[in-house]
Amino acid sequence: MTTSFPKDFLWGGAVAANQLEGAYNQDGKGLSVQDVLPKGIAAPRTEEPTSDNLKLVGIDFYNRYKEDVKLFAEMGFKVFRTSIAWSRIFPQGDELEPNEKGLQFYDDLFDECLKYGIEPLVTISHYETPLHLSKTYNGWVNRKMIGFYERYVRTLFARYKGKVKYWLTFNEINSILEEPFMSGGIFTPKEQLSKQDLYQAIHHELVASALAVKIGHEMMPEAKIGCMVLSMPTYPLTPNPDDVVKAMHAEQRNDLFADVHARGYYPKYINRYFKENNISIQFEDDDAEILKHTVDFISFSYYVSICETADPDKRNEGKGNLFAGVQNPYLKASEWGWQIDPQGLRVTLNKYYDRYQKPLFIVENGLGAIDELVTDEQGNKTVIDDYRIQYLNDHLFEVGKAIEDGVEVMGYTSWGCIDLVSASTAEMKKRYGFIYVDRNNDGTGSLERYKKKSFDWYKEVIGTNGASLTDPAAKK
Ligand code: BG6
């Protein structure tokens with residue numbers, strides 16, 4: 001069996017603190033924006049945390065992480081991506097001193113990973129801005145956020161520099177375009193937020209991200225610090241040049257973020273958009289210099305591709321990951337309407353590598369599906385998730401092809417390697433994991449963990465360094 005995956009390829013899984021830790025007020029943790037989003041983006045935020053918010057308990061990873069990390073190790077994980085809940089470290093966000101118990105939790109978690117030779121890959125901010133920063137400062141619209149974030153990252157780097165080598169500054173930083181509250185902690189309702197404020201907030205995040213790279217390189221010369229973007233290749237619906245231009249503009253709207261991170265300055269194409277929308281970004285003296293601290297690698301999530309058209313009669317409800325577009329008539333969709341396009345991952349890898357010539361890391365990819373827990377012939381509870389195996393196999397096969405195309409890929413962490421609460425709809429029913437967690441949408445369940453069929457499948461993929469993957473074309 002041959003494989004194109006390099007020997008040191010980082011295989012693993014990814015999660016985010018707010019979607020699995022639970023313990024939302026344990027050991028001094030403050031509230032985050034997630035604690036008032038009981039239905040994700042599917043319904044408005046609440047005033048206070050409410051008992052229907054599944055994230056308050058999550059899958060109780062905060063208290064059960066040892067059992068879960070052991071299962072990750074059994075699958076052979078080389079890397080485990082998680083985020084640090086900002087409000088565990090700085091409960092309000094604007095304090096001068098961190099919360100020791102929060103810091104200790106992540107020390108223990110990283111030690112547990114390292115015990116099995118699993119490298120932690122840490123997202124510094126994953127949709128969990130302290131609620132106080134949102135309510136009091138209006139999140140990233142306010143320049144003061146750069147200072148709060150700087151204090152937070154300095155604290156993390158000083159504490160974990162011997163343990164964490166791989167860092168991501170902001171999860172899906174471009175998602176602020178569609179979800180300013182969840183992504184950017186911006187309290188102003190989306191409908192009332194001006195483009196001026198939105199892009200000024202984006203500028204503050206871009207500066208903060210570059211500052212984290214600068215500080216990280218100074219404090220941890222061995223560390224690799226990346227950006228993280230939501231990737232969603234946008235195809236023209238037809239070869240009509242009007243559609244091609246429309247798709248180009250949709251891609252540029254997203255590309256802005258990785259462009260600045262990788263190149264160290266704003267791309268020219270955005271000036272036209274700024275001019276047409278009366279946006280004038282306020283740069284402070286050092287901003288241009290700070291932005292020059294470019295990332296070591298580009299990481300991204302990939303779930304779907306989408307189409308665009310200039311023809312209003314051909315527009316329909318194409319669902320994407322937080323972003324919408326037009327459906328592709330050639331693709332099938334998941335139960336949540338996300339269109340499945342393994343080749344789009346190869347396209348994305350080639351595009352980014354050609355555009356940036358920096359190593360790439362796929363830090364999210366997977367299938368959200370309804371699973372049924374059954375009892376197998378040996379009497380073990382499991383899920384026969386052939387649909388998930390097929391999804392992952394077909395995407396990973398395309399990663400292999402991209403590597404053969406010459407793309408430098410550092411690793412792959414499949415999303416929600418253990419079932420967790422979904423981000424967009426905040427439900428348990430939408431499951432991604434290799435490990436089933438007994439918890440239901442109504443909050444019932446024992447929280448017991450069970451291995452799905454995909455558990456052994458992924459173990460073999462990792463064990464063979466990708467050689468066990470099968471060519472989807474051979475099945476056709
Ligand atoms: C990404 C996020 O947008 O997609 C994750 O970074 C999220 O936090 C994932 O969980 C899948 O989306 P969902 O809505 O199915 O959980």
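Student: In which strand is Glu364 placed?

Tutor: In this predicted model, Glu364 sits in strand S11, residues 360–364.

Student: Which residue does UniProt list for "active site"?

Tutor: The unreviewed UniProt entry gives Glu364 under that feature name.

Student: How do I read its accessibility: is Glu364 buried or exposed?

Tutor: Buried means under 20% relative accessible area. Glu364 has 4% relative accessibility, so Glu364 counts as buried.

Student: Which residues does Glu364 touch?

Tutor: Not counting residues up to four places away in sequence, Glu364 touches Arg81, His126, Asn171, Glu172, Met228, Phe300, Ser301, Tyr302, Tyr303, Thr413 and Trp415. With Arg81, the side chain of Glu364 makes a polar contact of 2.9 Å.

Student: Where is Asp394 found, and is this residue buried or exposed?

Tutor: Asp394 is part of helix H13, residues 386–405. The cut-off of 20% applies again; Asp394 has 10% relative accessibility and therefore counts as buried. Apart from neighbours within four places in sequence, Asp394 contacts Pro342, Pro472 and Lys475.

Student: How do I read the packing of two helices, and at what angle do H2 and H4 pack?

Tutor: Angles under 35 degrees count as roughly parallel. Helix H2 (residues 61–75) and helix H4 (residues 100–115) pack at about 10°, with axes 10 Å apart. H2 and H4 are therefore roughly parallel to each other.

Student: Which residues make the contact?

Tutor: H2 contributes Phe61, Tyr62, Tyr65, Lys66 and Val69, while H4 contributes Lys101, Phe105, Asp108, Leu109, Glu112 and Cys113. By class, the contact of H2 with H4 has 7 nonpolar and 4 charged residues, and no polar ones.

How values were computed. Residues numbered from 1 in each chain as written. Predicted model: local features only at pLDDT ≥ 70, side-chain atom pairs only at ≥ 80, totals over all residues. Heavy atoms only, no water. Axes fitted to C-alpha atoms, helices over the stretch in contact; angles between N-to-C directions. Helix = DSSP H or I, 4+ residues; strand = E, 2+ residues; numbered from the N terminus. Parallel < 35°, antiparallel > 145°, perpendicular 65-115°, else oblique. Contact = heavy atoms within 4.5 Å. Nonpolar A, V, L, I, M, F, W, Y, C, P; charged D, E, K, R; others polar. UniProt positions renumbered as here; feature names shortened; annotations may be inferred. Buried < 20%, exposed > 50% of the residue type's maximum accessible area, 1.4 Å probe, protein only. Polar contact = N/O pair within 3.5 Å; in protein donor to acceptor, adjacent residues only side chain to side chain.
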